[in-house]
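Work through the exercises below with the structure open. Try each task before reading its solution.

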Amino acid sequence: EQFPESSELEDDDAEGLSSRLSGTLSFTSAEEDDDDEDEDSEEAGPDPLPSGDRASGEDAGEAPDTNSDERSPPPDGQRGGQLLARQLQDFWKKSRNTLVPQRLLFEVTSANVVKDPPSKYVLYTLAVMGPGLPDGQAAQISRRYSDFERLHRNLQRQFRGPMAAISFPRKRLRRNFTAETIARRSRAFEQFLGHLQSVPELRHAPDLQDFFILPELRRAQRLTCTGLYREALALWANAWQLQAQLGIPSGPDRPLLTLAGLAVCHQELEDPGEARACCERALQLLGDKSPHPLLAPFLEAHVRLSWRLGLDKRQSEARLQALQEAGLTPTPPPSLKELLIKEVLD
């Protein structure tokens with residue numbers, strides 16, 4: 001009753017989407033008879049997941065998942081995602097010079113049924129392509145039904161007017177894991193995010209920004225702190241691309257944190273040139289504003305990396321020395337990695 005019928009697809013649309021996902025729609029459990037017997041764990045029952053691949057969200061009837069955001073995008077190289085990226089890149093290139101406002105495109109590239117007894121849920125992977133980086137590969141996010149449901153609930157509470165016209169896929173008590181249901185929900189989620197992005201008041205909502213960015217940042221931060229720099233680098237890069245494509249106007253803190261993560265990982269992986277480039281980009285974002293907690297660490301890293309590469313470091317040295325003489329930062333300043341470990345993402 002809470003969700004209108006219009007949120008469901010017509011049968012023809014469902015068949016088309018099911019066919020499109022046929023190469024990536026996977027079931028970790030082969031018991032298809034369970035569809036009629038098990039309630040979708042997205043909507044009932046606890047959902048304890050192993051660390052490293054936890055689904056996020058607070059499902060109806062279950063306790064909040066304390067590791068809700070530890071989830072990484074699927075491995076690169078999936079054929080569907082690569083084809084989608086090329087198609088969307090062509091679209092943005094063709095529309096770049098038009099006067100029509102460019103909107104983000106969302107596409108479910110895979111939907112995986114994950115069984116982790118006693119729960120079972122569907123993990124939807126979406127490609128996100130926007131005008132921020134038209135020549136780049138589409139960024140990706142992986143979310144489950146409860147993530148979308150919580151976003152819908154929060155936005156409904158804050159924006160009753162704009163949300164009144166936006167539909168959401170209904171809950172089901174049975175047959176949640178059939179290809180038809182997954183295809184219908186996949187298309188509904190694509191439309192749901194597209195509608196949210198089309199309304200400026202909703203597009204700038206902090207809850208929507210958190211939905212796209214926060215899980216990736218938390219996961220990347222955790223991997224960086226545990227020394228898994230190569231895995232973390234892919235997540236930081238994906239988070240940076242998401243922010244560029246979404247055009248998130250939430251201030252410099254998250255972009256700066258992302259650049260700090262990229263710089264740390266590149267440095268640890270013996271790529272000082274890329275690490276220095278990240279520091280330079282961060283210093284450009286900081287500009288001449290009042291001292292930011294990350295300013296001195298970025299300056300210190302830029303000086304050290306420039307010295308290592310034999311490049312000019314005098315301007316950064318002078319700025320860092322001025323901060324230290326004014327008592328605005330300790331000598332030596334904390335490193336980017338130290339601040340990254342201490343940063344609390346909320």
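The exercises that follow concern a predicted model.

**Exercise 1. Overview**

Task: State how many helices and strands the protein has, and what percentage of its residues are buried.

Solution:
- Step 1. There are 14 helices and 4 strands.
- Step 2. Of the 346 residues, 49% are buried.
- Step 3. Take the contacts with a separation of 6 or more: 67% of them join residues 24 or more positions apart.

**Exercise 2. Helix α4**

Task: Check the span of helix α4 (residues 145-158) against 1.5 Å a residue, then find what its buried residues pack against.

Solution:
- Step 1. The 14 residues of α4 should span 20 Å, and the end C-alpha atoms are 20 Å apart, so the two values agree.
- Step 2. The buried residues of α4 include Tyr 145, Phe 148, Leu 151, His 152 and Leu 155.
- Step 3. An α-helix has 3.6 residues a turn, so residues three or four places apart point the same way.
- Step 4. The buried residues of α4 pack against the strands β3 (119-129) and β4 (139-144), and against the helices α5 (160-163), α6 (179-198) and α8 (206-225).

**Exercise 3. Helix α10 and two partners**

Task: Describe how α10 (residues 253-268) is placed relative to α11 (residues 272-286) and to α12.

Solution:
- Step 1. Two packed helices are described by the angle between their axes and the distance between the axes.
- Step 2. For α10 and α11, the axes come within 8 Å and cross at roughly 160°. An angle over 145 degrees counts as roughly antiparallel, so α10 is roughly antiparallel to α11.
- Step 3. Residues of α10 that meet α11 include Leu 259, Leu 262 and His 266, and among their partners in α11 are Cys 278, Ala 282 and Leu 285. By class, this contact of α10 with α11 has 11 nonpolar, 2 polar and 2 charged residues.
- Step 4. For α10 and α12, the axes come within 12 Å and cross at roughly 30°. The two helices are therefore roughly parallel to each other.
- Step 5. Leu 256, Leu 259, Ala 260 and Gln 267 of α10 make the contact with Phe 298, Arg 304 and Leu 305 of α12. By class, the contact of α10 with α12 has 5 nonpolar, 1 polar and 1 charged residues.
- Step 6. The crossing of α10 with α11 is left-handed, and the crossing of α10 with α12 is left-handed.

**Exercise 4. Ala 301**

Task: Decide whether Ala 301 counts as buried or exposed, and list its contacts beyond four places in sequence.

Solution:
- Step 1. Ala 301 lies in helix α12 (residues 295-309).
- Step 2. Buried means under 20% relative accessible area; at 2% relative accessibility, Ala 301 therefore counts as buried.
- Step 3. Apart from neighbours within four places in sequence, Ala 301 is in contact with Cys 279 and Leu 336.
- Step 4. Gln 267 is 34 residues from Ala 301 along the chain, and their C-alpha atoms are separated by 9.6 Å.

How values were computed: Residues are numbered from 1 along each chain as its sequence is written. This is a predicted model: local features need pLDDT of at least 70, side-chain atom pairs count only at pLDDT 80 or more; totals for chains, interfaces and linings use all residues. Side-chain values use heavy atoms; hydrogens and water are left out. The expected span of a helix is 1.5 Å times one less than its number of residues. Buried means under 20% relative accessible area, exposed over 50%, partly exposed in between (1.4 Å probe, protein chains only). Contact means heavy atoms within 4.5 Å. Axes are lines fitted to C-alpha atoms, for helices over the stretch in contact, and angles run from 0 to 180 degrees between N-to-C directions. Angles under 35 degrees count as roughly parallel, over 145 as roughly antiparallel, 65 to 115 as roughly perpendicular and the rest as oblique. A crossing is left-handed if the near helix is turned anticlockwise from the far one by less than a right angle, and right-handed if clockwise. Ala, Val, Leu, Ile, Met, Phe, Trp, Tyr, Cys and Pro count as nonpolar, Asp, Glu, Lys and Arg as charged, and the others, Gly among them, as polar.
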